[in-house]
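I opened the notebook to go through one model, beginning with the strands and ending with single residues.

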Amino acid sequence: MNASSIELLVTKTKDFSLEETLAFVAKEYPGEVVFSTSFGQEDQVITDFIARNNIDITIFTLDTGRLFQETYDVFHRTLKKYKKPIEVYFPEAAAVENLLKQKGPNSFYDSVENRKECCFIRKVVPLRKALSGNKVWITGLRAEQSENRQDLNLFEYDANFEIIKFNPLLKWTLQEVEDHLKEYSVPQNALHKQGFVSIGCAPCTRAILPDEDIRAGRWWWESSHKECGLHSAKKE
Ligand code: SF4
C-alpha cells in the first residue's frame, strides 16, 4: 500500500497550501491521522494550522515524566487558546519503577546505552502505542534541524513504526517558523527566550550558544546521535 499511497499524496497535494494538504490528508484517512507535539516552536505552528482551520486530526503528546515546567505551561496555554483536546501518553509505570529501582533516576548520564534505555521506556514505547492503528503520523521535523534530517521527504514511509510520515515543515526555515508564531500569536515555550531551541526532557536539554548547532543542547554530554529513537529508531 505504501509506495502508491505516498505517490498519491505527493501528486495530489503538490500545488496545495499547508492547510489544504493537512485537510486533504485528514479526509483521505479519516480518523487515522495523528500529530505528535512536544510543544516546540515547529509543533506549535502545526497545532495552530490544525486548530485554527478546524482540521480533523488528533493531536497527542508524550509526557515522559521529566518535562520542564515551562513545557507544561505552554501545553496549558495551548489548550486554553485552541480549545482542542490533546491526548497524553505516559510511559508504563512498572517499566519506570523498575528502571529507577535498578539504576536510579539519572542513569541516562552514565552511558549511551542507559540513555537509550530511558528514551525507549519513556518515549519510544508510548509513541508506538499512540501511533498504533493509525495510517499517517504528522511531525514538526525540519531539514535544517540536523544532518540526519537532510534526507527526509515531505511524505515517507516509516518502516519502524509502519506508518506514513508527513513532515509539513520540512523546508521551513527557523525564521519562517518564528514569523508564523508571531503573526498568529501562538503560545510558545518560555525557554525559547532563554536560548533553548530544541526542547525535550529537563535533565537532557540545555540552552545553546548563538553559534552552536540547533540540537547541540540535546544530550550534550554525548558526542553523537542527537536523536531519541522517535525519528531514528533504525539507527539507534
Ligand atoms: Fe530519559 Fe532524557 Fe530520554 Fe527524557 S530525554 S526519556 S529523561 S534519557
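What kind of unit do E1, H3 and E2 make? I found that E1, H3 and E2 form a right-handed β-α-β unit, where right-handed means that, with the strands pointing away from the viewer, the path from the first strand over the helix to the second runs clockwise. Helices (H or I, at least four residues) and strands (E, at least two) are DSSP runs, numbered from the N terminus.

Before going further I noted how to read the entries. Residues are numbered from 1 along each chain as its sequence is written. The model is predicted, so that local features need pLDDT of at least 70 and side-chain atom pairs count only at pLDDT 80 or more, whereas totals for chains, interfaces and linings use all residues.

**Sheet**

I followed the open sheet, in which 6 strands stand in the order E3-E2-E1-E4-E6-E5 with mixed pairing; two strands pair if DSSP finds at least two bridges between them. Strand E3 (87-89) and strand E5 (155-158) are at the edges with a single partner strand each, so one side of each has no neighbour in the sheet. Direction ignored, neighbouring strands are turned by 30° against each other on average, with axes taken as lines fitted to C-alpha atoms.

I then checked individual pairings. E1 and E2 run parallel and are joined by 3 bridges, with Phe 35 opposite Ile 59 in E2. E2 and E3 also run parallel, through 3 bridges, and here Leu 62 stands opposite Tyr 89 in E3. A right-handed β-α-β unit is made by E2, H4 and E3. E5 and E6, by contrast, run antiparallel with 4 bridges between them, and Asp 158 stands opposite Ile 163 in E6.

**Core**

Which residues have the most contacts inside the largest nonpolar core? They are Val 34, Ile 57 and Ile 138, in a core of 38 residues. Such a core is a set of buried Ala, Val, Leu, Ile, Met, Phe, Trp, Tyr and Cys residues joined through C-beta atoms within 7 Å. Among the elements that each supply at least two residues of this core are helix H2 (18-28), strand E1 (33-36), helix H3 (41-52) and helix H6 (112-131), and H6 gives the largest share, 6 residues.

I listed the partners of Ile 138, leaving aside neighbours within four places in sequence: Val 33, Val 34, Phe 35, Ile 46, Ile 57, Phe 166 and Pro 168. A contact here requires C-beta atoms, placed from the backbone, within 7 Å.

Is Thr 61 buried or exposed? Thr 61, in strand E2, counts as buried because it has 21 C-beta neighbours inside 10 Å; the cut-offs are 20 or more other C-beta atoms within 10 Å for buried, 12 or fewer for exposed, and partly exposed in between. Not counting residues up to four places away in sequence, Thr 61 touches Ser 36, Thr 37, Ser 38, Phe 75, Ile 86 and Val 88.

Asp 73 is found in helix H4 (residues 69-82) and counts as partly exposed, because it has 15 C-beta neighbours inside 10 Å. I noted that Asp 73 and Asn 189 are 116 residues apart in sequence, yet 7.5 Å apart in space, C-alpha to C-alpha.

**Record**

In the model, the span of residues 33-207 is 38% helix and 13% strand, and its end C-alpha atoms lie 33 Å apart.

Definitions and conventions. Contact = placed C-beta atoms within 7 Å. Axes fitted to C-alpha atoms, helices over the stretch in contact; angles between N-to-C directions.
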